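Dear colleague,

Please find below the structure that I am handing over to you. My notes on what was found in it follow directly after.

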Amino acid sequence: MALTLGEANRMVQAAIAEAERININLSVSVCDAGGHLLAFNRMEGAVFITAVAAQGKAVGAVGFGRDSSAIPGDSPLIQAIIATQGGRIIPAQGALPIVRDGEIVGAIGGSGGTSQQDEDCARVGLAAL
């Protein structure tokens with residue numbers, strides 16, 4: 001079953017609430033199983049590049065089917081895949097795949113804090129599903 005816009009928005013809002021709680025300015029992205037943007041928000045004060053980073057981390061998590069922190073960015077194979085995807089994938093901590101009934105249906109990614117804070121906020125967003 002595909003991820004709905006309502007579900008994606010609920011996850012984004014939960015991740016933003018966590019970012020507010022820990023006092024960081026975050027961008028949060030949810031993509032579908034094909035890596036296409038489904039929901040996105042950038043908090044006031046989050047630098048513009050966090051918008052690109054949050055989306056790239058989420059695309060990587062859904063594309064590789066694992067937490068973005070587990071994508072070895074220094075691998076020549078991974079670099080080649082990133083190149084074929086036009087640089088859309090960012091192999092950095094902060095995104096998690098969304099799994100429903102054993103199937104990857106999307107991913108949520110955050111950017112704006114430390115890598116661990118980004119992942120923690122994404123995890124809170126994922127828990128809202």
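I begin with isoleucine 49, which counts as partly exposed because its relative accessibility is 47%, a value between the 20% limit for buried and the 50% limit for exposed. Please bear in mind that this is a predicted model. Isoleucine 49 lies in helix H2, which covers residues 49–64. Together with Val47, Phe48 and Val52, Ile49 makes a nonpolar surface patch of about 420 Å².

Leaving aside residues up to four places away in sequence, serine 29 touches Leu37, Ala39, Phe40, Ala54, Gln55, Ala58, Ala107, Ile108 and Gly109.

I turn next to helix H1. It comprises 18 residues (residues 5–22), which at 1.5 Å a residue should span 26 Å; the C-alpha atoms at its ends are 26 Å apart, so the two values agree. Several residues of H1 are buried, namely Glu7, Ala8, Met11, Val12, Ala14, Ala15, Ile16, Glu18 and Ala19. The elements against which the buried residues of H1 pack are S1, strand S2 (37–42), strand S3 (95–100), strand S4 (103–111) and helix H4 (115–127). Just after H1, asparagine 23 adopts a positive phi of about 65°.

With kind regards

Key
Residues are numbered from 1 along each chain as its sequence is written. This is a predicted model: local features need pLDDT of at least 70, side-chain atom pairs count only at pLDDT 80 or more; totals for chains, interfaces and linings use all residues. Side-chain values use heavy atoms; hydrogens and water are left out. Contact means heavy atoms within 4.5 Å. Helices (H or I, at least four residues) and strands (E, at least two) are DSSP runs, numbered from the N terminus. The expected span of a helix is 1.5 Å times one less than its number of residues. Buried means under 20% relative accessible area, exposed over 50%, partly exposed in between (1.4 Å probe, protein chains only). Patches are made of residues with over 30% relative accessible area and no salt bridge: like charges are joined within 9 Å, nonpolar side chains (Val, Leu, Ile, Met, Phe, Trp, Tyr) within 5 Å. Accessible areas come from the Shrake-Rupley method with a 1.4 Å probe; for residues, only the protein chains shown count as cover. A salt bridge is a side-chain nitrogen of Lys or Arg within 4 Å of a carboxyl oxygen of Asp or Glu.
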